[in-house]
Amino acid sequence: MADPFAKNTATSTEDAAKIIPRAEFRVFGHGVIDLVKGNIWNGKTVLFQARKMPAETYFLSTLTNEANVKVRDGLLDIKTKVGETPEGYEIFQPRGKFQFPVKREDLATILSHLKVDTALEQDTYTLDEFVAFARRHPALCPVSVEKMRYGFTIEGIICEYAQVWFNGALVESACAESENYEGMKKVVEGMGIAAMPNTNYLKAAKKVVGME
């Protein structure tokens with residue numbers, strides 16, 4: 001099982017394509033953490049670790065909710081939605097993690113996933129230059145995201161509850177994710193969150209910052 005809390009390392013597009021995509025069911029709201037904490041000991045729960053994540057920047061697009069583009073640990077990280085399970089759990093395929101400065105051709109590919117069609121004038125872009133570019137573009141919005149994550153597994157399914165700050169606004173989140181799509185349903189139900197809407201980070205961030 002891959003460690004979702006492991007420090008990021010640069011990953012080429014070719015290597016990212018070899019990763020088996022995980023399905024994810026995630027919820028946001030208030031009172032989520034108490035709800036999950038009150039239910040997780042009904043299953044075979046194994047505590048994993050708690051980690052205060054370094055500040056991240058998500059790049060929201062008004063044109064899609066299917067490209068998760070963020071900067072974490074100094075890397076430009078992208079994954080895209082490639083499907084859903086019969087239960088509606090979203091499946092995201094990693095597309096690569098790029099070291100800054102990012103080459104124009106790699107950034108053009110990332111922007112195409114964000115459905116943004118624009119000419120890039122520079123051969124490479126630093127983090128500050130890409131953030132400035134996104135702030136100027138009418139379809140893009142960079143959002144600061146801070147997380148305090150508490151990880152655990154239930155019957156081998158990766159789970160967490162977390163405090164999340166979007167531009168400083170606090171909400172709570174919980175999720176289950178796995179390459180074992182069929183095994184997730186029982187765990188999601190056991191955590192007590194199955195009746196809540198499946199909401200990925202992009203949708204939650206847009207709601208908080210007023211894009212939806």
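This is a predicted model: local features need pLDDT of at least 70, side-chain atom pairs count only at pLDDT 80 or more; totals for chains, interfaces and linings use all residues.
Residues are numbered from 1 along each chain as its sequence is written. Local features need pLDDT of at least 70 and side-chain atom pairs count only at pLDDT 80 or more, while totals for chains, interfaces and linings use all residues; side-chain values use heavy atoms, with hydrogens and water left out.

Strand β10 spans residues 157-166. Helices (H or I, at least four residues) and strands (E, at least two) are DSSP runs, numbered from the N terminus. Eight of the 10 residues of β10 are buried, so the strand is largely enclosed by the rest of the structure. Here buried means under 20% relative accessible area, exposed means over 50%, and partly exposed lies in between (1.4 Å probe, protein chains only).

Two strands pair if DSSP finds at least two bridges between them. Strand β9 (residues 140-154) runs antiparallel to β10, and 10 bridges connect them. Val145 has Phe166 of β10 as its bridge partner. A hairpin is formed by β9 and β10, with two residues between the strands. In that turn, Glu155 has a positive phi of about 50°. Strand β11 covers residues 169-178 and is also antiparallel to β10, with nine bridges between the two. Ile158 has Glu177 of β11 as its bridge partner. These strands, too, form a hairpin with two residues between them. Its turn contains Asn167, whose phi is positive at about 50°.

Glu160 lies in β10. Its relative accessible area is 2%, so Glu160 is buried. The side chains of Glu160 and Arg149 are joined by a polar contact of 2.6 Å. Such a contact is a pair of N or O atoms within 3.5 Å; within protein, one must be able to donate a hydrogen and the other to accept it, and residues adjacent in sequence count only if both atoms are side-chain atoms.

The whole structure contains 14 salt bridges. Each is a side-chain nitrogen of Lys or Arg within 4 Å of a carboxyl oxygen of Asp or Glu. One of them joins Glu179 to Arg22, with the closest N and O atoms 3.7 Å apart. This pair links distant parts of the chain, 157 residues apart. Glu179 sits in the loop between β11 and α5 (181-191), and Arg22 sits in strand β1 (residues 22-29). With 35% relative accessibility, Glu179 counts as partly exposed.

Asp123 and Arg104 form another salt bridge, their closest N and O atoms being 2.9 Å apart. Asp123 belongs to the loop between α3 (104-113) and β8 (124-125), whereas Arg104 is in helix α3. Asp123 is exposed, at 55% relative accessibility. Arg104 is partly exposed, at 31%.

Arg26 and Glu24 meet through their side chains in a salt bridge of 2.8 Å, N to O. Both Arg26 and Glu24 are buried.

Helix α4 comprises residues 127-136, with Phe130, Val131, Phe133 and Ala134 buried. Seen down the helix axis, the buried residues of α4 fall within an arc of 160°, so they line one face. The arc is that of the directions from the helix axis to the C-beta atoms. The face turned away from this buried side carries the exposed residues Asp128, Arg135 and Arg136. The cover over the buried residues of α4 includes β3 (56-61), β5 (75-84), α3, β8 and β9, where contact means heavy atoms within 4.5 Å.
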